[in-house]
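Subject: Structure handover: pockets, cavities and rings

Hello,

Here is the structure for you to look over. Please open it before reading on.

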Amino acid sequence: MRTTEEMLRLITDTAEKDENVRAAVLSGSRADISRPKDVYQDYDVAFLVSDLEPYFNNPCYIEKTFGKALIMQLPDINDNPDLSFGNTEHFTYLTIFEDGVRIDLTFTTTMPDWGNEPMKVLFDREGHLSDNLDNECYMVHRPTQAEFSACCNEFWWCLGNVAKGLRRGEIPYAKSMFEETLRPQLNNIVSWYIGTISDFSVSTGKMGKYFKNYLPDSIYGKYLKTYTTADPARIWTSTINTCKLFSDLARIVAQDLGLDYNTKEEDGARLYMMNVKGGIYE
């Protein structure tokens, strides 16, 4: 596999030699000096160009410049098969190469808005850009009362959908509802709990990938047990355990941050879940 130094030099040299490229910017985890480094990190790169046409839907350019691809995705074409360079300002290639290197390369005629994502300028023909190495994107922020209440309400409200899916034997629906509605709220509570024990000074990473770094082993173990198989009995057990973990951490967060926790909605949601599980309403 090509080294980080080799790849950054290749990207920079490519930009410098192409008069159509005005700037090259690295963003994401490789631009974040606080993130753990490993060989699996993508190179998230944007080339600011004067003319998009030479790079539009031209996979041969990517292979000629960066090497033979194992697999490539063109998300813009996938989303809009009728797309043309005349009606778009950007075009992206997601590519994994033979040596395992992955580059997510966007050609754009307008400078992207990276929001709170860190970004590092690799090349700037006009000298107008500057680095932004602040790690704000996935930093844990102290929740407001409204954010905390909305998170808890969403968790307890959507719990009923998981319960109904399990009672009906609709396992794909139940598991999807769990992962798509309950887990994001559980992850919020876990992140806020980490915030309370770290003075809101750390990043939990995308989708909580750094939870293990900051959670006590006992809590991290309970979190991992919220993932389960397709067996209905095990899903019920996992869901009930997830409710306890959410409740325990939500109460700690509320107490530590001086927030109000609505125990009434938790009690109501838990009662409904158990009644559905027991077939009380049938």
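The model is predicted: local features need pLDDT of at least 70, side-chain atom pairs count only at pLDDT 80 or more, and totals for chains, interfaces and linings use all residues. Residues are numbered from 1 along each chain as its sequence is written, and side-chain values use heavy atoms, with hydrogens and water left out.

**Pocket and cavities**

Terms first. On a 1 Å grid over the protein atoms alone, a cavity is a set of points where a 1.4 Å probe fits but cannot get out; a pocket is an open set with protein on both sides within 12 Å along at least five of seven lines; lining residues have an atom within 4 Å of a point. A volume is the space filled by probe spheres set on the points, which are joined across faces, edges and corners. Helices (H or I, at least four residues) and strands (E, at least two) are DSSP runs, numbered from the N terminus.

The largest pocket holds about 340 Å³ of space. Its lining has 20 residues, with P184, N187, N188, S191 and T204 nearest the centre. Helix 5 (residues 171-198) gives the most, seven residues.

There are two cavities of 30 Å³ or more. The largest cavity has a volume of about 60 Å³. Its lining includes A174, F178, Y227 and I235. Helix 5 supplies the largest share here, four residues.

The second largest cavity has a volume of about 30 Å³. I62, F66, Y93, T95, F97, I103 and L105 line it. Strand 4 (90-97) gives the most, three residues.

**Aromatic rings**

The structure holds 17 aromatic pairs (rings of Phe, Tyr and Trp, its six-membered ring, with centres within 6.5 Å; planes under 30 degrees apart are stacked, over 60 edge-to-face, the rest tilted). F66 and F97 make a tilted pair, because their centres are 6.4 Å apart and their planes at 50 degrees. This pair links helix 2 to strand 4, 31 residues apart. F66 is buried at 3% relative accessible area (buried is under 20%, exposed over 50%, partly exposed in between; 1.4 Å probe, protein chains only). F97 is buried too, at 1%.

One aromatic cluster is formed by F47, Y55, F56, Y61, F85, F91, Y93 and F107.

Two charges sit over rings (NZ of Lys or CZ of Arg within 6 Å of the ring centre and within 35 degrees of the ring normal). R183 sits over Y227, 3.6 Å from the ring centre. K277 sits over W236, at 5.7 Å.

Best wishes
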